[in-house]
Amino acid sequence: MTSFFQPAARLGRIPPYLFKAIDEKKEEVRARGVDIIDLGVGDPDLPTPPFIVERMRKAVKDPRTHRYPLYSGMNLFREAVARWYQKRFGVELDPESEVLTLIGSKEGLAHLPLGINDPEDLNLVPTPAYPVYQMGTIFAGGYCHFMPLLRENAFLPDLNAVPPLEARDAKAMFFNYPNNPTAAVADQEFFARVADFCREHRIIAVHDAAYTELAFDGLKPPSFLEAPGAKEVGIEFHSLSKTYNMTGWRLGMAVGNREVLAALGKIKSNIDSGAFNAIQLAGIAALDSDQSCVAENCRILQERRDLLVGGLKKLGYDVDPPRATFYLWLPVPQGLTSMDFAGHLLEHAGIVVIPGVGLGEPGEGYVRLALTVPKERLEEALHRLGKIG
Ligand SMILES: *Cc1c(COP(=O)(O)O)cnc(C)c1O
């Protein structure tokens, strides 16, 4: 029977979903009654801090928050973002033209290519990576030149390896530090090189900074906008999701180059009508707070990191302790693919991890573990790993 309709051809350009086999095995193992430890999802298990929830509760009772928001975001929220960027990074932003409120940063990352790319345009995209950079490019009719993130380059893209034609043609370059999935951190020197590269080749730099606040051992990862001239060539996406355990609330921001933000804003104003004002008011409370809730968050994650890394080392795994994010990018044992290893852990230990190849070809040889379960569960996971050898 022929189907009622054919989906748009662009959906056919979405790369194959590689986690199907793992998803099916997970259901099968769960059906057997196995108590599954899910280290697959990058979604904080810890709740949003109570003072933020309380601010939301008050805000949602105020009928003034019930109407359409301003598409670019409440002035008060954009001012709070500018204050936070100044305090945290020493970066000056004009709240009117250099800050845009988003319904989560994924929304902005996905819509950006519609505002900056013409069909057939080329974007430079890291791999392995958060899939949205590629998907947004595809939905705008564009193409990706992939920049592999390799251990020998500290999981930074090698800018010298971008071929001259691609460097000439590229419209935008996506990058993300602290990085999902590799947990790599970039320094200001790298960001300065990216800014120079993008200026030289007239490429829009698009930095995803979702994890700057989740860092360990006192590390304070930089913003791309700290790099000299960064604002002339690019924008940065940030989010309250990971910093304040607010993934379900959907609140983020794009900051930096005003022309690029205006292009994104024009797309958004014709698609969505902005983030719920009550959520933005709660976001202001979060950004203006003394950030002790963030420090507490990092303390808990660092404890989990130390427990998991220490335990894995004892079991003979070759693993570097991550300096930021809540991920562990674990090399798989010799002779196994990342799919094999993930399947093995699920089958024999009831542990879910993400096979690196599913996030991009150079992710082969790694699996991603998320520190988003309590310590007791990590202890149980280590205990099971010890048993299967
Ligand atoms: C979680 C995450 C985000 C944040 O997404 P939101 O839409 O703001 O919740 C952005 N980038 C990366 C790489 C992430 O892992």
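1. The ligand sits in the largest pocket of this predicted model. Two elements each give two or more residues to the shell around the ligand: helix α4, covering residues 105-116, and helix α9, covering residues 240-243.

2. Around the ligand there are 14 residues, and those that come nearest are D208, S239, S241, K242 and R250. Sorted by class, the shell holds 6 polar residues, 4 charged residues and 4 nonpolar residues.

3. For S241, an N or O atom of the side chain is 2.6 Å from an oxygen atom of the ligand. For R250, the distance from a polar side-chain atom to a ligand oxygen atom is 2.6 Å. For N180, the corresponding distance to an oxygen atom of the ligand is 2.9 Å. S241 and R250 are also among the residues that come nearest to the ligand.

4. How much of the ligand does the protein bury? Taken alone, the ligand exposes 390 Å², and 95% of that area is buried by the protein.

5. A separate point concerns E259, which belongs to helix α10, residues 258-269. Is E259 buried or exposed? The relative accessible area of E259 is 65%, and a residue counts as exposed over 50%, so E259 is exposed.

6. The last point compares sequence with space for E259 and L149. In sequence, E259 and L149 are 110 residues apart. In space, the distance between E259 and L149 is 29 Å, taken from C-alpha to C-alpha.

How values were computed. Residues numbered from 1 in each chain as written. Predicted model: local features only at pLDDT ≥ 70, side-chain atom pairs only at ≥ 80, totals over all residues. Heavy atoms only, no water. Near = heavy atom within 4 Å. Polar contact = N/O pair within 3.5 Å; in protein donor to acceptor, adjacent residues only side chain to side chain. Areas by Shrake-Rupley, 256 points an atom, 1.4 Å probe, with all protein chains shown as cover. 1 Å grid on protein atoms, 1.4 Å probe; cavity = no way out; pocket = protein on both sides within 12 Å on 5 of 7 lines; lining within 4 Å. Sits in = over half its atoms within 2 Å of the grid points. Helix = DSSP H or I, 4+ residues; strand = E, 2+ residues; numbered from the N terminus. Nonpolar A, V, L, I, M, F, W, Y, C, P; charged D, E, K, R; others polar. Buried < 20%, exposed > 50% of the residue type's maximum accessible area, 1.4 Å probe, protein only.
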